[in-house]
Amino acid sequence: MEKKEEQIEQVKNEWTPTEETILKRRSIRMYKKEQVPDFMINRILEAGRFAPSAGNSQPWKFIVLRDPKLIKDLTDTTVGICKLFKSLIDYRIPGKRWRLPIAKFNIKMKPKDLHPVPFGAVTFIADGKLGLWHDAPTVILIFKDVRGVSNPDLDCGIAGQNMVLAAHSMGLGTCWVGFVKLAFQYTRKWKKYFNISYPYKFASSIAIGWPVGDPDGMVKRVTHAVDWYENGSKKTNY
Ligand SMILES: Cc1cc2nc3c(=O)[nH]c(=O)nc-3n(C[C@H](O)[C@H](O)[C@H](O)COP(=O)(O)O)c2cc1C
């Protein structure tokens with residue numbers, strides 16, 4: 001058999017290592033205390049640095065947090081803001097139905113932030129039922145350079161997912177964590193602390209550490225229909 005045919009045959013019969021990494025990665029929400037060696041974090045950052053970006057503008061800035069006190073302080077700020085949000089607009093609590101119009105107004109103003117999923121999570125974080133970074137020993141903060149051509153948020157997402165997959169391929173656990181955005185959006189303290197100013201803006205963050213147990217593996221996923229246009233006709237695959 002020719003090399004290319006052999007390759008196709010092999011792909012037909014088994015997942016490639018990259019596909020395995022993608023399919024078996026899960027968001028990890030329980031970490032061991034043990035720190036991740038710094039050479040691994042450097043390799044993960046390298047995977048981010050090599051991500052494609054529109055016009056090769058690389059519109060990102062990464063900050064690594066490995067100081068438990070710093071991680072806790074930033075978590076406390078975020079939890080404090082979640083508590084404030086909850087006290088102002090959580091109308092689901094008995095006796096607090098009067099907050100509904102205030103909640104509706106805020107939901108209208110910030111439909112993405114206050115979609116039922118993040119809104120539910122904000123109340124969980126406020127109540128201590130959902131950790132922010134789940135006690136991960138390392139956190140990577142991702143800031144976007146707003147001058148990035150086209151769509152810097154997308155570029156940061158691609159770089160971040162490169163890092164997540166690289167970490168997973170090393171046996172580490174990761175979790176994307178968006179909620180710390182509140183600490184950068186509603187206070188000046190942390191922007192000042194990390195020296196973040198124009199053109200940088202918080203994009204997202206990734207918790208990294210050794211997972212407790214063996215939580216990775218495939219899960220069922222909703223399949224979205226995909227239309228295929230080929231040979232002059234259209235078919236829809238699920
Ligand atoms: C941009 C982004 C932000 C996320 N923010 C959080 C978060 O703040 N807290 C959390 O526990 N999970 C967060 N997640 C993880 C998602 O909940 C998770 O990816 C989703 O439920 C699918 O599960 P899986 O990653 O195990 O496949 C986030 C994921 C993404 C992509």
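Two residues are in contact here if their C-beta atoms, placed from the backbone, lie within 7 Å. The structure is a predicted model, so local features need pLDDT of at least 70 and side-chain atom pairs count only at pLDDT 80 or more, while totals for chains, interfaces and linings use all residues. Numbering runs from 1 along each chain as its sequence is written.

On to the overall build. The secondary structure of the protein chain comes to 9 helices and 6 strands; helices (H or I, at least four residues) and strands (E, at least two) are DSSP runs, numbered from the N terminus. The C-alpha atoms fill a box of roughly 70 × 45 × 40 Å, taken along the principal axes. Of the 238 residues, 27% count as buried. A residue is buried if 20 or more other C-beta atoms lie within 10 Å of its own, exposed if 12 or fewer, and partly exposed in between, with C-beta atoms placed from the backbone.

In soluble globular proteins, nonpolar side chains tend to be buried together. A nonpolar core is a set of buried Ala, Val, Leu, Ile, Met, Phe, Trp, Tyr and Cys residues joined through C-beta atoms within 7 Å. The largest one in this model has 46 residues, and Cys82, Met163, Ala207 and Ile208 touch the most other members. Elements giving two or more residues to this core include α3 (38-49), α7 (152-169) and β4 (200-209), but α4 gives the most, with 7 residues. As for Ala207, leaving out residues up to four places away in sequence, the residues it touches are Trp133, His134, Ala136, Val139, Thr174, Cys175 and Val177.

Two helix pairs are worth a look. The axes of α4 and α6 come within 8 Å and cross at roughly 115°; axes are lines fitted to C-alpha atoms, for helices over the stretch in contact, and angles run from 0 to 180 degrees between N-to-C directions. On the α4 side the contact is made by Val79, Cys82, Lys83, Phe85 and Lys86, and on the α6 side by Val122, Thr123, Ile125 and Ala126. These divide into 6 nonpolar, 1 polar and 2 charged, where Ala, Val, Leu, Ile, Met, Phe, Trp, Tyr, Cys and Pro count as nonpolar, Asp, Glu, Lys and Arg as charged, and the others, Gly among them, as polar. α3 and α7, for their part, pack at an angle of about 145°, with their axes 7 Å apart. Met163 of α7 is one of the residues making that contact.

The ligand is surrounded by Arg26, Ser27, Arg29, Cys175, Trp176, Val177, Gly178, Phe179 and Ser204, each counted as near if its C-beta atom, placed from the backbone, lies within 6 Å. Strand β3 (residues 173-177) provides the largest share of this shell, 3 residues. By type, the shell splits into 4 nonpolar, 3 polar and 2 charged.

Most residues other than glycine have a negative phi, and most peptide bonds are trans. The bond from Tyr198 to Pro199, though, is cis, with omega near 15°, and Pro199 is found in the loop between α9 (189-193) and β4. Asn195 lies in the loop between α9 and β4 and has a positive phi of about 60°. Asn195 is exposed, with 9 other C-beta atoms within 10 Å.
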